[in-house]
Amino acid sequence: MAPRRPQLALPNARPYAFQFPLATTALIIIDIQRDFVDPGGFGSIQCGNDEIFSQARAIVPTVRRVLDVFRSAGSHVIHTREGHQPDLADLPASKKFRQISAPNGHHAMGIGDQGPMGRLLVRGEWGHDIIDELTPWPGETIIDKPGKGSFWGTNIHRILLSRGITHILFTGVTTECCVTSTLRECSDRGYQCCILDDCTQGFDAQQVTTSLDIICGQDGLFGFVGTSSDLFAAVNESQIETTPPSTPPLLSGDGLPPIDELLSLYKKGVTSPAEVVNSVFDRIEKYKPIDPAVWIHLEPREKVLEAAEKLAARYSGKPLPPLFGVPFSVKDTIDVNGITTTAACLEYAYTATFHAPAVQHVLDAGGIFIGKANLDQLATGLSGCRSPYGITHSVFSEKHISGGSSSGSAVSVGAKLVSFGLATDTAGSGRVPAAFNGIVGFKPTKGTVSAKGLVPACRTLDTITVVAPSIPDARKVWQIIAQHDRDDPFSKLPHTLVTWKTDFRGPRMGGFTFGIPPPSALDACTPKYQDLFARAVQILRSAGGRLVEIDYKTFEVAGDLLYEGALLHERMTCIGLDFLQTRLDELHPVIKALFGGALANPPSAYDVFRDQALQIQLTRKAQQAFDTLRGGVDVLVVPTTTQHPTVEQMVADPLRLNSKLGTFTHYANVVDLCGVNVPAGTYADGEGVKLPFGITVLGGSGFDAKVLDIAAVAEEAFREAFEKD
């Protein structure tokens, strides 16, 4: 099937025309920092010839024009800076001494020595920074690299994967060293790469020419070499909308526009954060009679308006950060400084003294906090029916449950009250309510989003998640909050996370493999859900997916561990054993019954160690299922849940139904998977009520970007299929 992304081309590139989709192409600007293009820096010492050295800076105006194209299109921009820690702990002895030790060389000064702009190639010094003409905008990535290439000691590959990059245009200095070194590394990992030859320069003309010839020689051994003039012509001829289209009127019946479109409206001056805030609060007021249980805490309108006006003043006349003026909700187990965190349990409540890092990252990116959303008490349950603050219901039907435990978060997005929500997912708490409200619920790999400032449900499994209307919006927020936190003991070290080769064709054209549960597992679903899932599988197969049989038993056994093993008691330990023993009678009746039964039947130490060992074994087996180099699949696709109960049914049979709802979600964090609910259509129940259906795309630990790539294909394919119906 033909790719869905519009293609641009550099027709005069060598060895032949370079074609690329702007939406998944990154511009990488290599090392245009003062140390390399201004006199007195490391570059001038490296070059040794003032006339030749001056040519390096001559490329800056053209690089700036290319940068403007990418910024106007909202495309990805990455800046690199070569340099070292102030203590030079990351500087190999070979790099420090090799050139200055040359008997007849001209390198009188070396890395770390004091120069006119500070210590040479040392981070934090004046000379290390990027030149003023190319100062990075908020949201643009800066890679501080200790090597000539950009992959050693950095997370650039994970960043490229997280943004779904398939193609890269290179500019910068020096051609013969850092530019081509990085391009070769990218080529090895599957990216289609092209250097713009009038946007790169070096300190040896012959080496520059030879380096470019090597890149595109032998029919494109490493990549392509093109020119900026072809790029400018391609953009003009394609008549690409270089900013996302506006969506008047703002906050129509369809609610807020997608995040990128909202940012476009701000940039064009069509609206302001204050106008959006007023529209949001108007909509919240209108929705209260429909469902009064969405919020536990709403910020006063006046306070949010003041924050919006300060935000607008701060960025007046300046580039906007990636979430500028975007309203969001926060599940009331995640701390917001100065606001009471209740976990839907007044007896447990406390006033937060700092922002959870995930919240802080969103605020730093320009997000506007609207309020704290309702949830199942102590984040325990998948129903949305276990809160003293009221029972939320699906945005599709007042009779049907919203799902939980992130009930209010999902409804706040599904009802289009906010652009996205920060929620949590320990056993399905982000995916199930997303499915029941027709939105996206993305659960990242545990340990990749800081869990500081989160009321723990089960500390070794908890994950802060994103609920949003679409995959692109969820992905945008995830890129902002997924930052390593050295102070979170459960945070995974970035260098331990998996990377993989990319396919420049994208998953729809390049294909992907997926497994599904066997019929015996799918029997847990209602007949309607089984039919809907079968149709979803067929749509995925028509959109580039290849169905592969897998051993599903590992996942079923892992799911049983969550509530039938010692992990339930870890959950109770996290809440606080003393609290549960002394305040049990004050909890919601269903929570009381669940924990009361567990208190009466504590596990032995032998049980705990047995379950720990079993969890480790199951995790290893589950991860092997996603090892595509050894016969594994790219993703596992499952129904997000088994049925959509009514509130009445859920209240009548809370524990058994809750267990059934978690059939396909409980095991994800137990065996360290990531996953995202994707809306997969609607159906009419027995009474003719229109309800949503969702599938979950699951991947191995760290495969978040791959999961999102394939989920985006699914989202697009489902939309196309349903438009034909």
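Predicted model: local features only at pLDDT ≥ 70, side-chain atom pairs only at ≥ 80, totals over all residues.
**Nonpolar cores**

The largest nonpolar core of the model holds 158 residues. Within this core, the residues with the most contacts are Phe170, Phe420, Leu422, Phe555, Tyr667 and Ile695. Helix 28, which spans residues 704-724, supplies the largest share of the core, with 10 residues.

**Helix 16 and helix 28**

Two packed helices are described by the angle between their axes and the distance between the axes. Helix 16 covers residues 471-481, and its axis comes within 10 Å of the axis of helix 28, with a crossing angle of roughly 160°. Because angles over 145 degrees count as roughly antiparallel, helix 16 is roughly antiparallel to helix 28. The crossing of helix 16 past helix 28 is left-handed.

On the side of helix 16, the contact is made by Ile471, Pro472, Arg475 and Trp478. Helix 28 contributes Asp704, Ala705, Leu708, Asp709, Ala711, Ala712 and Glu715. Sorted by class, the contact between helix 16 and helix 28 has seven nonpolar residues, four charged residues and no polar ones.

**Backbone exceptions**

Most residues other than glycine have a negative phi, and most peptide bonds are trans. The table lists exceptions of both kinds.

| Site | Feature | Value |
|---|---|---|
| Val173 to Thr174 | cis peptide bond | omega about -15° |
| Gly404 to Ser405 | cis peptide bond | omega near 5° |
| Ala343 | positive phi, not a glycine | phi about 55° |
| Asp672 | positive phi, not a glycine | phi about 65° |

Thr174 is in the loop between strand 8 (167-173) and helix 7 (175-188). Ser405 is in the loop between strand 15 (368-373) and helix 14 (407-414). Ala343 sits in the loop that runs between strand 13 (340-341) and strand 14 (350-351). Asp672 belongs to the loop between helix 27 (667-670) and strand 22 (674-684).

Is Ala343 buried or exposed? Ala343 counts as buried because its relative accessibility is 0%. Asp672 is also a buried residue, since its relative accessibility is 11%.

**Gln201**

Gln201 lies in strand 9, which covers residues 192-201. Its relative accessible area is 18%, so Gln201 is buried, as the cut-off for that term is under 20%. Not counting residues up to four places away in sequence, Gln201 touches Gln55, Ala56, Ile59 and Val208, together with Gly172, Val173, Thr174 and Thr175. Among these contacts are Val173 and Thr174, the pair joined by a cis peptide bond.

**Leu311**

Leu311 is part of helix 12, residues 301-314. With a relative accessibility of 5%, Leu311 counts as buried. Which residues does Leu311 touch, not counting residues up to four places away in sequence? They are Phe324, Gly325, Gly366 and Ile368. Of these, Gly366 is 55 residues from Leu311 in sequence, while the distance between the two in space is 7.2 Å, C-alpha to C-alpha.

Notes: Residues numbered from 1 in each chain as written. Heavy atoms only, no water. Core = buried A, V, L, I, M, F, W, Y, C linked by side-chain atoms within 4.5 Å. Buried < 20%, exposed > 50% of the residue type's maximum accessible area, 1.4 Å probe, protein only. Helix = DSSP H or I, 4+ residues; strand = E, 2+ residues; numbered from the N terminus. Contact = heavy atoms within 4.5 Å. Axes fitted to C-alpha atoms, helices over the stretch in contact; angles between N-to-C directions. Parallel < 35°, antiparallel > 145°, perpendicular 65-115°, else oblique. Left-handed = near helix turned anticlockwise from the far one by under 90°. Nonpolar A, V, L, I, M, F, W, Y, C, P; charged D, E, K, R; others polar.
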